Every structure is written in C-alpha cells, then in structure tokens.
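Here's a quick walk through the model on your screen.

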Amino acid sequence: MVWPAYPKRLQSALKALCCLAQSGNGMQSQQIAERIHVPTAETAKILQLLVWGGFATSRRGSKGGFHLAARADQITMGEVIDFFLSKHPPEPNEDSAVMRVFERTSAPCQRAFSRLTLADIITTRARPGHKRSAGKKIGGSK
C-alpha cells in the first residue's frame, strides 16, 4: 500500500522536472504530458507554476519549449516540495497525537529530500540493475 504523501499536482511537477532533466533539451508541454500521463491542460498549468517558481523556463517559437532553469544537480526535491506546499499548506493540527508522531517520524525523510537533486533521481533510474518495467514511462503506472 502506498500512502498519498503529496498532492497530485506536486507529484506531476516532480515527474515533469525529471522528464526535462532526462531530455537535456527543451520539450513541448504536450510531449511532457504524454510522458508523465497527465492531461495536456493540467501539464500546462503545472509547467507555468514551475516557471513561476524558478525551476523551469519557457521559450516560444520553433525552438521553444520548456527547459530547466538550472542544471539538474542544482535543483533539489526539497525546494520544489517547499514551493508547492507553500501554495497549499497543510492545515495545522496540533491537537492530533497521530499527526505529531507522523511529523516527527517523517522529519528524516524531509531532510533527505532537501538534499536529493533531480540529477540524483535520473541517475538512480538509469543505473544498471535498477528495476524498471519495459515500456514504463516517467512516473510509473498508466
């Protein structure tokens, strides 16, 4: 069982950034949408948020598309997560003993994400011996 830890839009944004990092070139929003299995209109919104957050750039024209705003080893998952969660912060729930335990036990994971870069992720996916189903795209199942 997988717990839905992050909002769907954040998950899609992380997948889109990994997609751009893997390509090394600019990509059109429709190409990214197909690779991450998200509708084109939603992908366009996510990409604009990534531009607004300073993680991607966009360029119009025949050589246009979306590009990473920095090298893949300079963009951390923690920065992206913080940006998206700042737009939709979780509701505080100091009265819940369960949430206090969850926050305390998830702290090491949050610290790890703060250091994990896009380059780390795409390198892990490309490493020999890393299990990956044939035909599986960025982000997993269809």
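pLDDT is the predictor's confidence in each residue, on a scale from 0 to 100. For this protein chain the mean pLDDT is 80, and 77% of the residues reach 70 or more. The stretch to watch is 132–142, where the pLDDT is below 50. Beyond near neighbours in sequence, that stretch still has 17 contacts in the model, a contact being heavy atoms within 4.5 Å. Where pLDDT is low, the predicted coordinates should not be read in detail.

Some housekeeping: this is a predicted model, so local features need pLDDT of at least 70 and side-chain atom pairs count only at pLDDT 80 or more, while totals for chains, interfaces and linings use all residues. Residues are numbered from 1 along each chain as its sequence is written, and side-chain values use heavy atoms, with hydrogens and water left out.

**The core**

A nonpolar core here is a set of buried Ala, Val, Leu, Ile, Met, Phe, Trp, Tyr and Cys residues joined through side-chain atoms within 4.5 Å. Buried means under 20% relative accessible area, exposed means over 50%, and partly exposed is in between (1.4 Å probe, protein chains only). The largest such core has 31 residues, and Ile-32, Leu-50, Phe-55, Val-80, Phe-84 and Leu-118 have the most contacts inside it. At least two core residues come from each of α1 (8–23), α2 (29–36), α3 (40–52), α4 (77–87) and α6 (118–126). The largest share, nine residues, is from α1. Helices are DSSP runs (H or I, at least four residues) and strands are too (E, at least two), numbered from the N terminus.

Take Leu-118: leaving out residues up to four places away in sequence, its contacts include Leu-17, Cys-18 and Ala-21, along with Leu-68 and Ala-72. Leu-116 sits in the loop between α5 (97–115) and α6. At 26% relative accessibility, Leu-116 is partly exposed. Leu-116 and Gln-74 are 42 residues apart in sequence, yet 9.6 Å apart in space, C-alpha to C-alpha.

**The rings**

Rings of Phe, Tyr and Trp (its six-membered ring) pair if their centres lie within 6.5 Å; planes under 30 degrees apart count as stacked, over 60 as edge-to-face and the rest as tilted. The whole structure has three aromatic pairs. One of them is Trp-52 with Phe-83, edge-to-face at 6.0 Å centre to centre and 75° between the planes. Trp-52 is in helix α3 and Phe-83 in helix α4, so this pair ties together parts 31 residues apart in sequence. Trp-52 is exposed at 60%, whereas Phe-83 is buried at 14%. Phe-83 also pairs edge-to-face with Phe-84, at 5.4 Å and 85°; Phe-84 is buried at 7%. Trp-52, Phe-55, Phe-83 and Phe-84 form one aromatic cluster.

**The charged pairs**

A salt bridge is a side-chain nitrogen of Lys or Arg within 4 Å of a carboxyl oxygen of Asp or Glu. The structure holds two:

| Salt bridge | N to O distance |
|---|---|
| Glu-42 and Arg-9 | 2.8 Å |
| Asp-73 and Arg-71 | 3.0 Å |

Glu-42 lies in helix α3 and Arg-9 in helix α1, so their bridge ties together parts 33 residues apart in sequence. Glu-42 is partly exposed at 24%, and Arg-9 is partly exposed at 30%.
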